[in-house]
Amino acid sequence: MAKKYRYAKAEPCVQAIIFARVSTKEQEPGASLKAQREAMEDYCNKIGLPIVQKYKVIESSTNGKRVQFNEMLDFVKKQKRKTAIVVHCIDRFQRRFNECVEVESLLLDDKTDLHFCKEGLILTKNSPSSDIMRWDMGILSGKMYVANLRDNVNRGMNYNWSIGKYQTKAPVGYLNVNKDIIIDEDRAPLVKKMFEMYATGRHSIKSLHKFAEEMHLCSSHTKTNKPLGRETIYAMLKNPFYYGEMIIRGEKMPHMYEPLITKTLYDKVQALLSGSKIHTKAQEYAKIPFIFRGLVKCANCGSTISSESHKKKSGKEYTYLRCAHTKGNCHQGLVKETLLLQQLDDEIFSKISLNSKILEPLKKCVQKKLLEETEANAVMKRQITNELNRLEDRETVVKEAFYNRDITRDEWLQEKANIATKREELQKTAEKYSDISKEIQSTVNDVLDIATSASQIMKTANPIQQNKLLSLVLEECYLDGQRLIYKLQKPFDKLVNLKSASSWFDFQKEDIKEYENLAEKVQMYKTERETI
């Protein structure tokens, strides 16, 4: 970074400013701004420079904008007389090279000289390259110090996380006390009560907000005693800390503190928040069956999308979907239910329907593939079972060899470990060749039957039946403006744009898992449809 300076005669400084800095308010007592100031005042008195301004700065030299530092430089620029900048040492002045350009500009324009008291270094516009190098090395040393400090801090934080320590503000219901986290005896019961209330399915974020207001429940970190807001309550319900895990850099890790709730209770709340479980709260319109009830979230703010009926003057009723607006500012407006139904018919149900010419060949094709897969799995499982039996025999032989002193104890333990490793590998392989049960075969046929009648159900069935079908076919459904954004539940996604039986089905092991996951949902759908 050494510069080629102009060697014109430099004017002497006739006045000085002193610049003392610490990084944080907490650091101030230890770093001693007072000590820096006194050392610089003595220095200016010795060299006969009157002090026209004193800066006592509390700001980081590496993070964010250096507002007070830049104010100091602006002050020097505006002086009509040459003004020396006096600092205690280089790392109190800067710990990065970003500021060098502007400081060097002041030096070259002969607006200032830079005095570092501790190093005994004075920089002018005619300073030799060796002095400039000393300045550069001082900055580099400060930069290395900050990097090492950051590494040490990260090491300490990683270690604390590994033993379950939480290193930031405790959530509502807990208190930070002497670098520890303890249960807040006043707030913890109320927090637990809010989880229990929401888990019943009869409460919303809005009703919990009202409960927080009535109980005067606020965060221990606020000075205003303002009750918890809706966004805070939502974040609280999503926080796994309450059952025993903390989120560190996007990942869950167990913590060492006493939980307020069980994992089971937390999971019930998450099912309701995600929409996979429908609220049973008695509310306006609750007795009216709506097609999209409990299925849709707002793409803008994440709030639940509810349905409501509007009757026109003509007497005709229309159903609209609207955002609950429980999570801050959201501009999602009302959307006609018929508009969304038309979208789904165009994109899914008009394409997913199967006629008998395709349905029966498709069923036969699927069942044939399942049978072939079952037979192949059986062969592989027999081979794996035989290999496991051979390992068991080998283990017995090795054990007897040790007892007969034909091999040493170390040789026996080594062979025993090798056998255990091979057994574990074979058992994992066996899991890939799981049985294809009659339940899965039945589920495959049920899915195809549902697909055949899906379009007719969406056009003629009652709203409850339509709702059940949508909950089976769709997942992660969001309302964005006038359109739905969604994912199709596997394997319904393969039925869209189906032209022939062979064009859809090339049966893989992953497909078996899909039907295995869907079996319970399909059976529940069939049962509920029969009772509606």
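**Labels and their cut-offs**

Biologist: Why is Cys100 called buried?

Modeller: Its relative accessible area is 2%. Buried means under 20%, exposed means over 50%, and partly exposed lies in between (1.4 Å probe, protein chains only). So Cys100 counts as buried. A word on the model: it is predicted, so local features need pLDDT of at least 70 and side-chain atom pairs pLDDT 80 or more, while totals for chains, interfaces and linings use all residues. Residues are numbered from 1 along each chain as its sequence is written, and side-chain values use heavy atoms, without hydrogens and water.

Biologist: How much of the protein is buried?

Modeller: Of its 532 residues, 40% count as buried. The protein has 17 helices and 15 strands. These are DSSP runs numbered from the N terminus: H or I of at least four residues for helices, E of at least two for strands.

Biologist: What makes Lys77 and Asp74 a salt bridge?

Modeller: The rule asks for a side-chain nitrogen of Lys or Arg within 4 Å of a carboxyl oxygen of Asp or Glu. Here the N to O distance is 3.8 Å, so the pair passes. The two residues sit three apart in helix 3 (residues 67-78), about one helical turn. An α-helix has 3.6 residues a turn, so residues three or four places apart point the same way. Lys77 has 37% relative accessible area and is partly exposed. Asp74, at 33%, is partly exposed as well.

Biologist: Where do Glu387 and Arg390 lie?

Modeller: Both are in helix 12 (residues 356-403), three residues apart. In all, the protein has 17 salt bridges.

Biologist: What makes Gln15 and Arg81 a polar contact?

Modeller: Their side chains are joined at 3.4 Å. The definition takes N or O pairs within 3.5 Å; within protein, one atom must be able to donate a hydrogen and the other to accept it, and residues adjacent in sequence count only if both atoms are side-chain atoms. So this pair qualifies. Gln15 lies in strand 1 (residues 15-22). At 5% relative accessibility, Gln15 counts as buried. Leaving aside neighbours within four places in sequence, its contacts (heavy atoms within 4.5 Å) include Leu49, Val52 and Thr83. Val52 is 37 residues from Gln15 along the chain, but their C-alpha atoms are 6.6 Å apart.

Biologist: How do you know that Asn462 caps helix 15?

Modeller: A side-chain oxygen of Asn462 lies 3.0 Å from the backbone nitrogen of Ile464, at the N-terminal end of the helix. Helix 15 covers residues 463-473, and its buried residues include Gln465, Leu469 and Val473.
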